[in-house]
Amino acid sequence: MRSPLFAAAAFVALATVSADVKERTTSGAASAVQPARSAPDPQKEERLKWFREAKYGLFIHWGLYAVPAGEWNGKRSLGLGEWIMNRSHIPVGDYQKLAAQFNPVKYNAEEWVRLAKDAGMKYIVITSKHHDGFAMFKSKASAYNIVDATPFKRDILKELADACARQGMRLGFYYSQSQDWHEPNGAGNIWDFGPDDKKDYDQYLRSKAEPQVRELLTGYGPVALIWFDTPRMMTGDRAQRFAGIVRSLQPNTLIDGRLGTEGDYRSTGDNVIPHEVSGDAWEVPATINHTWGYRKDDTDWKSPGQIAFKLIDIVSKGGNYLLNVGPMADGVIPQPSQDILRTVGRWLQVNGEAVYGAGPTPFGDELGEPSNRGRKDVRGDLLVYPQMQWRVTTKPGKLYFTLFDEPRASFALPRMQNAVKRAYRLADGAPVEVKTENGRPVLIIERPIFDPMATVIVVEVEGTKVQPIG
Ligand code: FHN
């Protein structure tokens with residue numbers, strides 16, 4: 001039986017919950033998760049085409065915070081690496097001195113883009129300005145930027161944009177529109193500038209944030225998306241001003257779900273993978289260890305197997321996975337992150353058909369079991385005991401069963417009206433026997449399983465759309 005959690009109503013439930021959920025991260029930052037849209041918008045769908053196909057992107061959090069790398073005045077500063085200024089209440093006058101030390105001579109944009117490609121990622125999103133207010137690009141709106149304030153003097157974003165253009169990679173920019181701890185009127189810095197509700201917030205928006213977003217959309221070629229974040233004090237009007245800038249300068253640029261008004265797609269909470277399938281465009285921003293910006297003490301990397309599972313899990317629910325790396329102050333992406341990404345990339349080279357452009361599962365029971373007592377988590381979502389043995393993604397006439405555990409030798413296919421035509425292993429095309437047991441098609445799977453990280457079996461069926469039974 002299909003569990004009711006994953007029936008069509010589940011999508012409605014997800015949308016309802018998402019409308020007012022505030023997500024708390026370990027940093028204490030709150031990010032609004034954007035409401036589901038109401039009416040279909042053909043232009044938006046057109047803009048979203050590449051995004052829905054892409055499925056997997058590289059997030060890069062890089063800024064001055066890579067210099068202290070989680071330690072201030074010889075003391076560990078707890079929390080996310082990029083939040084060190086806030087967590088340690090570092091005065092602007094002290095923090096901005098980091099700019100003089102920021103000289104990432106090993107930065108090589110071509111290598112970063114090559115890494116994303118090797119990893120099988122289809123887009124890159126880099127922090128152009130995080131909450132600390134420091135711009136990683138040449139800006140006329142504020143001299144607190146990589147070219148004017150550091151010995152490096154090179155426009156990091158320009159080099160990355162050029163490398164992306166050369167290598168055919170889409171590039172988007174993270175921009176912290178609300179929080180700017182460097183500015184007296186930006187949100188967030190209460191240790192230097194007092195409470196936010198006493199600030200002339202529009203002065204900051206007009207003089208820095210809006211002009212900088214304009215600069216990003218005019219100086220760096222086609223921008224795939226702008227990734228706004230933590231919409232504090234972002235009224236509808238203020239958010240609309242940003243949306244207007246984006247739409248007027250680059251109508252095809254996507255707006256993420258954290259601007260403060262409806263964007264093009266929904267951003268889940270950080271590292272939050274929904275339990276349900278949703279037809280909306282959505283994305284999970286996620287860390288590869290526990291921090292976004294580099295911390296020298298965070299070496300608790302997720303394994304390639306965990307990353308592969310999360311990727312397929314997300315795709316099987318209809319979403320995208322935006323996986324982060326935090327480069328060091330010298331411009332090098334930590335080697336373990338690189339190795340993990342490349343290992344998953346090698347798997348995708350042979351199994352990518354199950355991911356790129358693939359649709360979600362038509363079934364749902366495989367995702368997990370809802371709590372039988374109707375218990376809810378802190379966000380108000382129904383608690384689910386996830387199942388992690390296998391996931392399904394789809395293309396017309398094809399089901400891709402990705403098996404993460406060694407399955408029983410005879411693997412019963414979920415009930416569907418479509419007849420099975422044939423089955424084979426995606427990695428090498430080897431046929432997989434299909435038998436009927438108790439009136440139900442089963443796959444006879446070779447043991448030990450072909451690829452212990454994840455083995456994809458393609459099942460071809462009659463008809464283009466799979467019709468589940470039950
Ligand atoms: O506060 C930020 C955090 O530093 C990081 O950039 C993440 C990425 O999704 N967004 C905010 C918290 O949700």
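Ile-333 counts as buried because its relative accessibility is 1%, where buried means under 20% relative accessible area, exposed over 50%, and partly exposed in between (1.4 Å probe, protein chains only). The model is predicted: local features need pLDDT of at least 70, side-chain atom pairs count only at pLDDT 80 or more, and totals for chains, interfaces and linings use all residues. Residues are numbered from 1 along each chain as its sequence is written, and side-chain values use heavy atoms, with hydrogens and water left out.

**The loop between S12 and H13**

- Ile-333 is located in the loop that runs between strand S12 (320-325) and helix H13 (335-351); helices (H or I, at least four residues) and strands (E, at least two) are DSSP runs, numbered from the N terminus.
- Beyond its neighbours within four places in sequence, Ile-333 is in contact with Trp-112, Leu-115, Val-325, Pro-327 and Gln-338, contact meaning heavy atoms within 4.5 Å.
- Ile-333 and Tyr-107 are 226 residues apart along the chain, and their C-alpha atoms are separated by 9.0 Å.
- Gly-331 also has its place in the loop between S12 and H13, and with a relative accessible area of 2% it is buried.
- Not counting residues up to four places away in sequence, Gly-331 touches Trp-62, Pro-104, Lys-106, Tyr-107 and Trp-112.
- From Gly-331 to Asn-103 the distance is 8.3 Å, C-alpha to C-alpha, although the two are 228 residues apart in sequence.

**Nonpolar cores**

- The largest nonpolar core has 117 residues, and those with the most contacts inside it are Tyr-56, Ile-124, Ile-156, Leu-160 and Leu-341; such a core is a set of buried Ala, Val, Leu, Ile, Met, Phe, Trp, Tyr and Cys residues joined through side-chain atoms within 4.5 Å.
- Residues touched by Tyr-56, not counting those up to four places away in sequence, include Ala-119, Met-121, Tyr-123, Ile-307, Leu-323, Leu-341 and Leu-348.
- In soluble globular proteins, nonpolar side chains tend to be buried together.

**Backbone features**

- Most residues other than glycine have a negative phi, and most peptide bonds are trans.
- Thr-230, a residue other than glycine, has a positive phi near 40°; it is placed in the loop between strand S8 (225-228) and helix H11 (236-249) and is buried at 1% relative accessibility.
- Met-233 is found in the loop between S8 and H11 and has a positive phi of about 60° although it is not a glycine; its relative accessible area of 27% makes it partly exposed.
- A cis peptide bond, with omega near 0°, leads from Arg-447 to Pro-448, and Pro-448 is in the loop between strand S20 (440-444) and strand S21 (455-461).

**The chain as a whole**

- The secondary structure of the protein chain comes to 13 helices and 21 strands.
- With a radius of gyration of 23 Å, close to the 23 Å that the globule rule gives for 470 residues, the protein chain is as compact as a globular protein of that length; the radius is taken over C-alpha atoms, and the rule is 2.2 Å times the number of residues to the power 0.38.
- The C-alpha trace of the protein chain spans about 75 × 40 × 40 Å along its principal axes.
- Of the 470 residues in the protein chain, 57% are buried.
- Among contacts in the protein chain with a separation of 6 or more, 72% are between residues 24 or more positions apart.
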